[in-house]
Structures are given as C-alpha cells and as structure tokens.
Amino acid sequence: MKTCLFCGKELEVGKVHHESSECKDKISEVNNYLEKDDRITVGVATCGLAAGAKKSLDVLRSSKLSMPVDEVGCSGMCFNEPIVSVRIAGKTFIYGEATEDKIRNIIKTIKDGTRHDDCFIGEKLEDIEFFKKQKRVLMSNCGLVSPLVVEHYIAREGYKGLMHAVELDSGEIIAEIKKSGLRGRGGAGFPTHMKWDIFSKSSGEKYLVVNGDEGDPGAFMNRTLIESDPFRILEGFTIASRATGAKKGIIYTRAEYPLAVETLEKAISICEENNLLGKDILGIKGFDFDVEVKTGAGAFVCGEETSLMKSVEGKRGHPMPRPPYPAQKGILGHPTNINNVETYAHVANVLRYGSSFYEKIGVEKNHGTKAICLAGKVLRAGVAEVPLGITLREVVYDIGGGLKNGKKFKAVQLGGPSGGCIPEQFLDTTLDFDSVPKLGAIMGSGGVIVLDEDDSMVDVARFFLTFTTSESCGKCVPCREGTKRMLEIVDRVSKGMGQHHEIELLKRLAKVVQDSSLCGLGKSAPNPVLTTLKYFGKEYEEALGQKKPNTFMITDRCIGCGLCKRNCPVKAISGTPKAKHHIDQETCVHCGKCHKVCPVNAIDIL
Amino acid sequence: MFKKKRCKVKFRKEKPTVKLVINGMEILAYQDETIFQAAERNCINIPHFCYHPRLKVVGACRMCVVEVEGRRNLEASCSTPVKEGQVVYTHSERVIEARRTILELLLANHDLNCPTCKKNLNCKLQEYSTDLMIDEISYVGEMRHNPKDHSSVSIQRDPDKCILCGRCVRVCGDVQTVHAIGQVNRGFYMNVEPPFKHELSESSCINCGQCVVNCPVGALTEHSSIHEFIKELVDKSKTKKHFVVQVAPSIRATLGELFGMPAGTPVTGKLVTALREVGFDMVFDTDLAADITIVEEATEFVKRLKNNDNLPMITTCCPAWIKFGEQFFIDELEHMSSCRSPQAILASLVRTYYAEKKGVDADDIVLVDIMPCTAKKYEIQRPEFAGDVDYVLTTVELAKLIKQFNIDFEDLPDSEFDNPLGISSGAGAIFGRSGGVMEAALRTAADFLTGKDLKKVEYEKVRGLETLKEAEINIAGHKIKVAAVQTLGEARKIMDDIRAGKSPYHFIEIMACYGGCIGGGGQPPLKDDDVLVERAGALNKQDVKMKYRKSHKNPAVLEIYKEYVGEFGGEKAHKLLHTKYSKKDYI
Amino acid sequence: MDKKLQKIFDKHKEDRNTVAILQDLQSEYGYVPEKECKELSLALDISMVDMFGVATFYSQFKLEKEGKYVISLCRGTACHVNKSESIMKALETFLGVQECGTTSDGLFTLVPVNCIGACARAPAMMINGTVYGSLTDEKAIEIVKKIKEGDK
C-alpha cells in the first residue's frame, strides 16, 4: 500500500496502516460504525437473495431512513433469511424472515426507535440459540462487515496476520502453522504445514491454488465465506505465498456460484489497487503475488487435486496417478500446492492470533474450528462454525434445533457423496478428522444433512450413487462401470424389485470399487452404500421382494421386429423375424428394457 | 522356476539397486522403475490393458493393481514406483478378486459377439477372462451403445467393443500428434470417437493404423478386403482374370509370428509358396519397386543437392506421412520427393510394363498388395493412383487368408518370386525398417555423386529404435546431413523446424510407425520392443546375404529401365513413377 | 474470423486454455458452435478432439442453443430430501419438455444441476443467475409463469 487507507499518508514497508493516534482514531471510527452507530444491514449473500433480500433492501433504501443501509454477507442463519439488523441508539434488533411485506412494519418501528416483535429474533448473535454452541473465529465478520470494503476488514484486525508474516521467514511461518496443528479443511485433514514444507522447497515457477470447487451437494460454507468475507481468504492466500515463495495464485471456484466469483474478482482488484496483491506487496521488494479466478465448468471430480489441475490447464478433468505429486509436478508441469478455501482463511487467523490461540480450541490432534453446513430435515439450516470435537448431537439439536415438523431423527449424512450416514446410536461421536472416518464416513468439506423417519436410507444411497455415477469422470473401470452397477442394484432394491443375492453382490462390488479406483471420488463412492448397509441393513432387507418384480409378456400385437430381442441384456427373448417373439421367464431379469423399446407397445406388464 | 528374461531393449549396464519383495521373492529393481516394470523384468506378468511402455502412464484400467504392504488400497503397479523394502503381492486373493470384478464389469458392458469379432482369439479381454475363469457375469443392466463407423477405407470402429483403455487416443494424440479420435462425454457414457460426431473418414486420421495395433480388443480393426477378394478369386475360372500379388519388404519378417514362429523368423520362401497356393498367377516382390524408388529418389536428391533446391528433401514411401503433410504442412510440400511409394511404382509397372510384356490386357489383371499397413488401403484410393491396385491386404489379413485356405504354412516348401518383377537388392530389403530407405538411398546417392562403386554400404547411424536418428556424411565434397525419423510426432518437430527455416538437414526419411513398416498398423501386435529388434534384424540379415546391396546395381531394375522406362529420372520415369501432392481438408 | 471470434482469439492466444475458450464461446454464442471451434482450433493449434472432449466433459457446455431462460433446478442432497424430484416433474409437465430439453418457443431450458449451495432454502432453483428458494411445485410453476408473461 502506497498510502494509508485511514490517514492518506505514506506507509512504512510491511504495514497496512500507521500506529499513529490519528490512524487509531480513524480505525475505531470504523469499528464504531460497524458495531455502535445507527445502521441497518441486510444479508445479501446467495441464500439471502434466494429468500428475497434484494426486495427488502430496495424497500429499506427507498424509504429514506436517517441511517445507512448496508449490504452485508451471511451470518450463517440461512433458515431465517432475509436477515435485517437494525441498530438504533446503541440497541440492536435482529430480524429474521424480514421479507418485503414484513419490512414495511419494521420500517415503522425504526422511525419510532422501537422493536418490531413479529420477526425479532435477538439483540446479539450470541443470544440466539443457533450461535450458542458455535465458536466464531473464521466467520466473525460474516454478516457484519460489507464484504467488499477493505477498511472494514482491516479495522477488524484484518491483515494483522500478513503484517506478522512478513516479519518472519518462510520456515518460521510454516513452523507457526505446524504449531497451531492446522489440518486441511477440504476433507481428509492432511496437516497443512507438511504440504507447505515440501512445496516451499521446490524452486522455479510454481502455483498456489485455492480449491473452492465446493461440489458436494449439501456444502456451501466456501460460498458463504467468499461472499461474506473474501479478504480473509485472500490474506491467508497471500501469507501462503510469502511462506512458500509462489508468485502465482489461482482461485478455482464453481461457475454455479456467480455471486462468489464476482465478489472474489472485485476483492482481488481492490487488493491490487491497495498493494495487498500484485507487485511488491506491502512495499516489500520482490514480494509479488498475482491471483486470478478460474471457474470450473461443472464437474464434481475437479475437487480432486490432480483433476483440478487438469481443469485449470483447460483439459478434461481426468485425475492422474500419483506420483508425481502436485508439489513436484502440477499445473503445466510446475510445482503446485492446493488448499481449501477455509484452510487459507484459517491461516490468516493463525498468523493473526498466534498458534497458541488455535491450540486451545478443539481436541487432541484436531485444533481450531470447522465451518459446517447444516441442511436437510433440521429446524435451523445454515452455516455454523464449530470447534472441532463438538458432538454430532450438539450440532443437530443445540445448533440445528432438532428436527422439523416434530419428526423423529434417523441419521446424519456427513461428507456428501464421499461420506456416510450415521445413525442415532453414534450421535455422541465427536466431529473431527479422526473419529468420523472410524464410522465409515468422512468430514469432507463439512456438509451435515439431517434425515428424518420419512427418509428411506436405500433412497439416500440411491441418490448419492446417482450423483457419483453422473459425476464419475469415466477414466478408470471400477468407478465408471462399478458405480453404475451399484446404482442399478440399489435402484432395483429401492423399487422393491431387488433380489436377495444382490445385497451380497453389492457389498462385494462396493469393496472392489473402494479398493481399486484411481482417485478419491471412486474410492469413496461406495461409502454411502456401505454405511447405510452397515447401519440400516434392515431397510434393504425390507425393501427386498417387497414388490413382486414385473412380469413382461409379449402379446399378439407383436410385429416381430426383433428390437426387444436385440435389446435384452440377458438374451431371454427368442423369435424369428416377423413372427411373435417370446420371453423366457426363467432368464428374464425384469429390467423392462423390452417394454421400453417396443415400437408397437406389444409388451404388457403383469 | 523363474528364469531371467533376456531383454535387449530393457538391458542396462548398471546394476539394479532397490531391493523389494514381490510374492515372497526378493528382487532388485532400478531406482526409476515402477512395480510393473520390475516385476516384468523378473518374469512376473501382471495383466494390464491401458499400460504400454511407450505411452504415457495413465493408470486407467486398474487391471494391474497389486497389494502393497502398508498401503490402505490396492495400487496400480504401472504407476507406483519401487521403493526399498517394499513388500508386494501381485496375485493375492484380494488382487484376484479386484481383477475378476474389473473383468466382469467390462464384460457386462461389452457386446459379447466374440466369434464374429476380428480380434477373436487375439484379444486381451478374452485372454484375461479365460485365465481368470470368468464363467459368469453377475451384473446386468444398461449397456453403452454407440454406432459403428465403417467410413474409413483403412480402419473400422466398433465402440461397443471398446474398453476405454485410451491407448488409441494416446498413440494418435501423443505419439502421432494427429488427434483424429479422442475421449468424449464422461462417466458411464464416455466414448472414443472423432470430434463433433463426425465419421473417421472426415477426421484428421492419416490411416496409420497405430490405434489398431494398440487396441487390446476389437474396437479398432483394419477395414478388411478379404471377402471381396475371395469372391473375385472364386470367379477366376469364369472371368479369366490374371491374378498378381506383390509383397512388401517387411512382411517376410513378421508373418511367421502369426503362425507361432519366434519374432524375426524370415519366411520369404514359404510366403511365396503360400500365395501360389492361394491361387495367384504371379507373385512379385515390392523390394524391386523399392530399388526403383531409390534410383529415382537418389537421382532427384542429387539434382536438388547440386542446385540447392528445396532442401531438405523428404522421402515419400509412407502414405500416412504423406496425408499428414498434406493436412498439416501444406506450405512445405515442395520438400517432399515427388517419387511414388514402392507399392504404387510396382502397381504402375504391373499395369504397363508387365501387362505389355506378358501380353495381357491391363484391365484383366487383378492386383493384390500384401502390405504392413492400413494406410496403403487409403493410398490405392488416391485419385492419382486410382485403379492401379484392386486390393490391399495387411499381414494380419494375409495370415487369415492362408488359414482360410487351409494351408499348412509351417510345413510349406520355399519358392522364389516370379520374374520380371521378382529380383531385388539388399537395399530394397531394408525398406521395411526405420532408417532403411535412408540407408538404401545413401548407397545409391553416394555412387551417383562420386561416380564410383563405393565399398561402404552400411550406415549404422540411421539404424535403431530412436525416433530421430541423424548422421553427417561426406560424399564427394558434399557434407550431407541426414535424418531418419519415425513417428509423426517426431516428424512434426522436424517439419516445424523446416517451416521456421532452421532445419539443418539435406535429406530426411519419415516413417509414421515406430520401427518403420515392421511396426506398421497392419502388422501382428507387438508384445514388446524386443520384437521390433528381431524383425529389423531379420531384414538386415537378408540385406547382408544379397548378391547386390545397391538398388542401382539390381540387374532387374537396369533391365526395366533399358527395356521400358528409359533414363533414371527421365520423362517416362516421371510419368510412371512420380506423383503430386495436394491439400487435404479435415474436420 | 468475425469480430466476436477475433476477440476470443486475442484473449486466449497466449494461454490457449480450452476450458476458458469454450466458456467464452458459449457466453458469446449461447452454445459451443462447431464452425467457430474449427477456426479457433486452426488459429490456436488446439485439436478439435480436445475442444470436443472438453466440451462434452463439463456439464456447463452445451452443443445446441439453449432457451432464453435456463432453469437450473438444484439436485443437491438437501433439495433431494425436500422433494426436488417432484418439482422437476411439475416443471416438465408445465413446460412440456423433458429434463435438459428446451421449449419449442425457445424460451426455457430445464436442466438439473449439482448443488447451487442454497441448501438452507431447499428445494431451490436458479434462473439465469437468480436463485429462488423454498419452492413447492406450485411456487416453481408460478415463478416460471411470471417470467413467461413478463417476456411478452
């Protein structure tokens, strides 16, 4: 930064603001604006917009109030969107579900300086049930600051981490990360410092990548973070560049997140204008870091490191065998280090607050917090930040408020298509990188989907298999062919047409797919099946033979075209051209293909 | 029970140093080897589809998975490096279960019409399924279905037989840089096809057939002309046609393999006898045409060298390379020799010189060419040569023809090629391997330039399996820099240099296939590169044994020129033996 | 090369990134057109096989023109357990198209997409970048109806 954002004077090398009283006053002015002054905020992240926040915002802005109306990100209470927070004379009223119609009533109370009871949910976040068990260090700005006002971020201790980092050398930064015990938040929980250590030792041109390809259905914490507090991610990313010597950065995110992409691009150009990215960052000669946003084009498998790199190169996202590891040979042959969005945000915090601060949160070997996404049949769905080691029960009942519509709990699905379903008896399991895998699930990116008594577990398995089958890249046989056959078996079972031996077959196949697939997608694709089989095997048994399989009969309408015969997968149909064909019921597997292909609808289902 | 395999290609001077245990047996591996390579060198064969030593390792088929102690999942041996102290099981129960399941999964999505498949009994999927005794397929369900593509005159595609190992795509893209076919769609619906749903004939395919020899199953096969040929042959007594066949130089070194003989067994005599048994009236040798090619090419080269005209000059025996040039280097075609390929030269002579001499109507001749190459099927359809050749059969097709005629190949007596197109020199013989055309041309060009009968006939520097072989030769005050190039990927680099005006060469040989014609797209499948060494060795041996080692000393050649063609490089020679090239469009 | 194509060429002549090129082609032409691909393929020395392979690998790319409004119905987990399938069926019936189909008036294309991250407001859909949450069959049809009327 050439000049200080707060006093306009020239800055010292390595600083984002002065320590002068003038600057300090200006900073506390900003903080007062954020936390004390009269002000209205409206959450306009994707979930808020989906609930109609834009209209509420328009109404507020057009009603000529005497205080500023700011657009902010998402505090995580997606279930209550649109969220409007009103502060008058030092008092804050947080309103939930403040849709266009309700906002008019709220406006009346604003003018009176009173509280509108109808959709009032609390005065402080900490008082709201949803937040009581949370530990907010990552998301402390979410829903409070204007995401694209860098002064807000800096006033709330932003870039303190980077200022600290530039005083250290590469080894010292990595040592600090090591001491904090930070593990990658993308899924497997690999220690971040180990990745960085190997990567920092490679020389020449190299790439740092933010993996924001949040493809798991049911996970949107990366989106929330990007949309609500993008500078924290960029600060962590810049610290990583300082620690590892990489001068090129790529933020890979999804095209399905248009708002997040826009926010990131704007945030990057703000950083570039203020010397927080680009050449000679903070005035330090040779501290260069260029960051660009790349959007994926819609392929879940690109969350896998090697296939992400292929996608960045513009190729088909086929994973590659390792070695060579990305740290040796990654994007365009250059060493590459990939971390999750959340991991980089944590890095900013570790350097800001010190490693000891992190050590104190969480349980052994699992330090710090994790953003999780609660969704499904839970009362309060949204993004929560929890200390690692919290129990699932606390997550579902204390944070999530239990189940919707008074239904009975059945399971939580953790980790999306690579994860598993965990039944009630394990609800006291702690949420961390070591305990969850023991149950056959994974932390994944942190999606927690609550299922109730109405949900069929066979259907859940079928749902995830449908997902992995359509997202399999097709490169390796076990995943390409295996997931498809697993899906077909589960599909038959869920329709009540499964046969007894097929359950055994499913288990055997699942094991091989897990054991021999090339990448993480294939290796973990059987998890939803294996965990539901393990914990809800009864549901499979019950679904078996529930319905007698359809019997297909060829009627006299048959014209003898032979289409059914050619399409029968088990060659159960015989007949000569132009004469009526016949199905051998012994051989028939009741797949119904003949019925589908018959051009004259000559095949009846009995 | 484990004999150390003698590998010519893989042999190294240094000692292996990494100690690991495979199946309880301690073995030594080289630092840069994978488990697969170390096992293979120690006679432990691991089944595989997608791995090929000369192609990029992709680890796609997962057939080569092995159990490595301390690793949670099975590892693909093709992509896992060896490590000191590693304990590996290549055939444990867990591994076999995985391989069996993979085979079952592949079979469940495969049209199982084996008896009508061209690769029947020569198919890896079939082989492994038999070995692992897959007697039942547990999985039923949707099958991938894509239309067959018979549009190309050289290669047929049947996607329903494809197991998506990607070898064809890698050889076409990475090795040949042609990119005619690629993987499209993803997941279960992935397929290998030309871009934007076009047919192969409209694509940039140069018909080299490397995809065919690399396909472990029957998804890519040569476009066979056997049936049409047999039909015509059967009618011989009625039509009174005169059946003539020519045999390319490399066939005699490879055909034996298809009858169970070791690689590199020369079968020239039996081959000629077998063709007579099939019913050919005349069996001619393309080697002779190769000699004529050399005489013409050397004449052209000497002229260009003296006038410093369009150098480097590039050989044009390989029809795949010609189409490659016509598609991608249309601005550099003047570098190509105008000389026809040996196949086209012999065909031209059969229809003119031979027909006249024999007193048969040229139209009454049925000419069949036995070629190592699928691109030759394309070459005979080029408008410049239209009608000269009736059928091209590849080595693989010839073996099938011989079997169809119930000829006991191994026990056949030897016989000689027919005259007047049957006598050849050693120079013609080596045409079948990479570097051979260059070596043969140098023998003649050197004599032409010096006006002497030089003793030196062997140019070792242009031999071998490197994709680019260079040599610098001093002849009569000329410093001639030559290169022998194999694979079109290498050719592309050379051509890019020429385009950029920085090519150091005067004379370049380009062959599309690795190894030259002995590794052609119509040849028997290659087990490993040692086979190529053996095949080349057979041709070199034939060369050494020959009475004449230089093309322009071949008496048959001299007689043809004297009787019919006239001068080397003369007007009639140009009419009969040279051609022109033109731009070829592709999608 | 026309102007639109020239722009894409200039932008990518250095990086020659196929995904980015196709993204630009699609946003310019509404789909990935073969003729333009061929021109760029020759100009940038990217094979057509790569172009087509990438275009068919990623679900974002369309090989045919899409409707003016693209209804991306989320098929994420939260939406699934909240009955997004039923909304798909309702919209299919209302629009008279199948999954991934485009209405005959060229107005709407209906596609299922992976999680759009609006799980807390499941089931959700996105129409040309705008997210609509907490849908029911009726609500979804209502939204589409309004857009249709607004377009007239």
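Modeller: Chain B holds 20 helices and 17 strands; helices (H or I, at least four residues) and strands (E, at least two) are DSSP runs, numbered from the N terminus. This is a predicted model, in which local features need pLDDT of at least 70 and side-chain atom pairs count only at pLDDT 80 or more, while totals for chains, interfaces and linings use all residues. Residues are numbered from 1 along each chain as its sequence is written, and chains are lettered from A and ligands numbered from 1 in the order in which they are written.

Colleague: What radius of gyration does chain B have, beside that of a compact globule?

Modeller: The radius is taken over C-alpha atoms, and the globule rule is 2.2 Å times the number of residues to the power 0.38. For 587 residues a compact globule would be near 25 Å, and chain B agrees, with 25 Å. The C-alpha trace of chain B spans about 75 × 60 × 50 Å along its principal axes.

Colleague: In what order do the five strands of the open sheet in chain A lie?

Modeller: Strands of a sheet pair through backbone hydrogen bonds, either parallel or antiparallel. Here two strands pair if DSSP finds at least two bridges between them. The order in chain A is S2-S1-S3-S4-S5, with mixed pairing. Strand S2 (69-72) and strand S5 (120-122) of chain A are at the edges with a single partner strand each, so one side of each lacks a neighbour in the sheet. Strand S1 (residues 39-43) and strand S3 (residues 84-88) of chain A run antiparallel, joined by four bridges. Thr41(A) has Ser85(A) in S3(A) as its bridge partner.

Colleague: How many residues of chain A are in contact with chain B?

Modeller: Contact requires C-beta atoms, placed from the backbone, within 7 Å. By that criterion, 30 residues of chain A are in contact with 30 residues of chain B. Helix H18 (457-471), helix H19 (477-494) and helix H20 (500-516) of chain A each give two or more residues to this side of chain A. H19(A) provides the largest share, eight residues.

Colleague: And which elements of chain C touch chain A?

Modeller: In that interface, 32 residues of chain C are in contact with 39 residues of chain A. Among the elements of chain C supplying at least two residues are helix H2 (18-29) and helix H4 (48-57), as well as helix H5 (77-81) and strand S4 (130-132).

Methods: Two residues are in contact if their C-beta atoms, placed from the backbone, lie within 7 Å.
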